[in-house]
Amino acid sequence: MSSSPLSKKRRLSGTETKTGSHCSSSNSVRTDLSHTPANGMAKNGNDAEIDEGLYSRQLYVLGHEAMKRMQNSNVLISGMRGLGVEIAKNVILGGVRSVTVHDEGAAEWKDLSSQFYLREEDLGKNRAEVSQPRLAELNNYVPVSSHTGALTEDFLTRFQVVVLTDSSLDEQQRLGDFCHDKGIKFIVADTRGLFGQLFCDFSDEMIVYDTNGEQPLSAMISMITKDSQGVVTCLDEARHGFESGDFVTFTEIQGMTELNGCKPVEIKVLGPYTFGICDTTGFSDYVRGGIVSQVKMPKKISFKSISSSLAEPEFMMTDFAKFERPGQLHIGYQALHAFQKKHSRPPVSWSQADGEELLTLAKEINSAQTGSAKIEALDETLIKKLSYVSAGDLAPVNAFIGGLAAQEVMKACTGKFMPVMQWLYFDALECLSEDGAVLTEEECAPKNCRYDGQIAVFGTKMQDTLAKQRYFLVGAGAIGCELLKNFAMIGLACGEGEVIVTDMDTIEKSNLNRQFLFRPADVTKMKSDTAAAAVKQMNPFIKITGHQNRVGPDTERVYDDDFFESLDGVANALDNVDARMYMDRRCVYYRKPLLESGTLGTKGNVQVVIPFLTESYSSSQDPPEKSIPICTLKNFPNAIEHTLQWARDEFEGLFKQPSENAMQYLTDPKFMERTLKLPGAQPVEVLEAVHKTLITDRPHSWVDCVAWARNHWQCQYSNNIQQLLHNFPPNQLTSSGAPFWSGPKRCPHPLEFSTSNDLHMDYVMAAANLHAQIYGIQGSTDRAGVVKILQDVKVPVFTPRSGVKIHVSDQELQNSNASVDDSRFEELKAQLPTAETFKIKLSPIDFEKDDDTNFHMDFIVAASNLRAENYDIPPADRHKSKLIAGKIIPAIATTTAAVVGLVCLELLKIVQGHKKLETYKNGFMNLALPFFGFSEPIAAPKHKYYEIEWSLWDRFEVTGVQPNGEEMTLQQFLDYFKNEHKLEITMLSQGVSMLYSFFMPAAKLKERLALPMTEIVTKVSKKRLGKHVKALVFELCCNDLTDEDVEVPYVRYTIR
């Protein structure tokens, strides 16, 4: 797909503030971005515009207001080791006003285990100076400068947010207290091997504008009582979803109009359909109707400075199974700082002596505590483990804490989402050896290699194992890019192993905001190749191969038995459930571990699938999404979601399906035969559409296209509404005497076309251009010219007809059982030209939401908002319309980074061969709340036949070729199960083909029993078996010796 051009920009306002990036100091460097770069990206600042083409997916997470606030924030990130660079990467992608990276130290070997913008040739150079140009490439809107001097108070005043990583406790307190006094938002992030720490102080008073990031809820009202606490009852179509303490406002109420447009009212939930509001005794009587909408209320929160918070900490839990950990680690981290201060080095990896000393220090610090930070008893094993691994530097832990810290920076800048209050501690000790083996200092001593930071935690043997791994990564989008970065850093496949990454997509502009391996110059290139080349820059030793294949039955010749059997594991980085389930089935069949993850805005999840241990991804499924009833879409919309879905259906029904069917009619001789087999009235509908496309609606010029669009407008927004109101007048009553147009049914009104109405013209311009495109006619963007054409377009006068049936519910629609009108079918068939005489090439249009010049979204927005006007539904702007109609998944780099950090911690467990279920962790997070939940994976459910236990990972292995070289016949196969497993097969199938059943006709059965199994498969499926197929999968229904039906595993039948 070609890159989308720069989209329509929105004007933003903001005040100019002095930024740290504009300073010229002897030890500050910056990339000059004051000019507009060649790709059309402009600078941030007070005249900044939000580039919706670039930030589109993130805008759906944060919103325009928060993005504007972010573009006025200058951020300082101190410490450019692995954690600092991860935070900087995410903040720069997010689009703040400027970022200054600070470090006074030089790159050393252990930094390379997680600092992805340092290379071996950079050893000895200043980390900030080397990282700055590489970080600056991430987002041309964000100037990035480096600072290598000491952090003075004067320097800090240039920033709205200050982040410290890799800093001493003394410095954290000195700078933290200064920032607190000056109202500068302050964050400390730190990782030590398998441990992480995060602290936030956003000043005495901060306003959070939106605590959870969820869309405000709304519901339709059926009743409001007059009472000291009025009770509102909602229509029982769906639960209202409100919580006590929410604020709401009202519109469209008839009768009790005092509530319409009232100030937000606090509610108390009484039940799933009811809630209490204010005193309504003095209001008018409620008659009918009304919509209640949730209002997001700003919330004031207050933070303590780091010094006061050290003694009286407030903890944010990351793992409820480790309830005591935060308090322990709070003391442990202070002990680490004390150790560092005393020895000018961290504890030596796995040194018993240093472990004992750290424990002594921790005890001293704990006994000196006076506030709530004091704990009853120290967990001595935990503190020692903290000492053993604290010299380590692990990319996955940095990715997780770095994702969280960057999201906190965004919260500090925007007031969007609830900040971490105030300390967060994390550990992943499950990654260590399951048997509790203690490594030696020698195994974990620095080797002056790029993996020193990881060797410090796991030793050298683990590094050798990682280098030999062969992994299949499916997808090179946001999650794929992050996974590849982590793979390169931890040394996966950096020896004899290999990473194979496949993705059939090309890079688009909207990807650049979170798929951080790609640059503007890469737009239109293949994702997999570009990502592979980018990570080779990070670690030249990684063996990586890019493919452009979609995974599925079509590529099983490529990803065959040999391919899967050679793998050590699979990582999914997919964006749809079908592909995930397919890969899950393959991993279960080949018994390979699968790392599964996904994100939705600030929400993320991780699932690990381990052969013979856990259930698989497909074992549990989400409930299906609620679809909109057809009659609601066709005649009774009551929300903008309904009109947008209707507009999408219009797009398909006008610009895609009819021309596709017409081309099939002209090129495929079996088209008529196929069409006649369609259910209900569909055969006539399809032929009507083909007849229209080829004859009645076929344009010969641009003028014809404009006339068609104008008449279609009339039909949809005037005539059809008039007909609906003829059938059901505004004052119509139902059989029970209630108004027909009430509750979810909104009474519509027809529209009058006017060339001076922009929305009407938007519709005609878009529809006419799309119509022209199908037939290869040159379109036009000349609105004045179209207005001129419209003056001569004849629009027939419409009179509503009696006897037109309009279905009121989907049930009524189903019961109407429309049948094929044979005479009409034949009549249409006769009128259609024959393919030989009719030479025309039609181009059906595939909907593409991200190109702002193709008229697709223009049509959707106009079509939807005109229909919304028909029904008095508030319209949606282009941005919101694109989200709903384009089914866009909101996405932000912070969540992706954090989720993938957790995935790679699970990968480290798999590579070591962990066997215990409780060692592995499935995770869920919502960075907006913030909330974290970890659980051990669900064990694979066990089934039984006779006394044999089995799970989804088990199967019967049957070798098809016998010792004599001949293949098993069906009779021999049935006998084998009777003799070997005491099972009588009653039905046998392969895929969708039934190979054998006990109720088959005798003659057919006799013939089949003598045939070899593969011959039966080929005969029934009418497909030849490819040379790549080594084995077949058979599904069985069986009875045991007592003739009882038993559930059994599938059969893997080996043929080569």
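Modeller: D560 counts as buried, because its relative accessibility is 14%. Buried means under 20% relative accessible area; exposed means over 50%, and partly exposed lies in between (1.4 Å probe, protein chains only). A caution on sources: this is a predicted model, in which local features need pLDDT of at least 70 and side-chain atom pairs count only at pLDDT 80 or more, while totals for chains, interfaces and linings use all residues. Residues are numbered from 1 along each chain as its sequence is written, and side-chain values use heavy atoms, with hydrogens and water left out.

D560 sits in the loop between β23 (544–547) and α15 (561–565). Helices (H or I, at least four residues) and strands (E, at least two) are DSSP runs, numbered from the N terminus. Leaving aside residues up to four places away in sequence, D560 touches Y590 and H1028. A contact means heavy atoms within 4.5 Å. E980 is 420 residues from D560 along the chain, and their C-alpha atoms are separated by 30 Å.

Now compare a helix position. A863 is part of α27 (residues 856–870). A863 counts as buried, because its relative accessibility is 0%. Its contacts, not counting residues up to four places away in sequence, are W646, A647, Y717 and Y763. D762 lies 101 residues from A863 in sequence, yet 9.0 Å away in space, C-alpha to C-alpha.

Step back to the whole chain. Of its 1056 residues, 57% count as buried. Its secondary structure comes to 32 helices and 36 strands. The radius of gyration is 33 Å, close to the 31 Å of the globule rule for 1056 residues, so the chain is as compact as a globular protein of that length. That radius is taken over C-alpha atoms, and the rule is 2.2 Å times the number of residues to the power 0.38. Along the principal axes, the C-alpha atoms fill a box of roughly 95 × 90 × 65 Å. Among contacts with a separation of 6 or more, 74% join residues 24 or more positions apart. The chain exposes about 44,800 Å², and carbon and sulfur atoms supply 51% of that. Accessible areas come from the Shrake-Rupley method with a 1.4 Å probe; for residues, only the protein chains shown count as cover.

The structure holds eight cavities of 30 Å³ or more. A cavity is a set of points, on a 1 Å grid over the protein atoms alone, where a 1.4 Å probe fits but cannot get out; lining residues have an atom within 4 Å of a point. Points are joined across faces, edges and corners, and a volume is the space filled by probe spheres set on them.

The largest cavity has a volume of about 130 Å³. It has 16 lining residues, and F426, L902, E906, K921 and F934 are the closest to its centre. β20 (423–427) and α29 (893–912) each supply at least two lining residues. The largest share, four residues, comes from α29. The lining divides into seven nonpolar, two polar and seven charged residues. Ala, Val, Leu, Ile, Met, Phe, Trp, Tyr, Cys and Pro count as nonpolar, Asp, Glu, Lys and Arg as charged, and the others, Gly among them, as polar.

The second largest cavity has a volume of about 60 Å³. Its lining includes M317, R325, Y425 and F426. α8 (325–343) and β20 give two or more residues each to this lining. Here the division is five nonpolar, one polar and four charged.

Key:
On a 1 Å grid over the protein atoms alone, a cavity is a set of points where a 1.4 Å probe fits but cannot get out, and a pocket is an open set with protein on both sides within 12 Å along at least five of seven lines; lining residues have an atom within 4 Å of a point.
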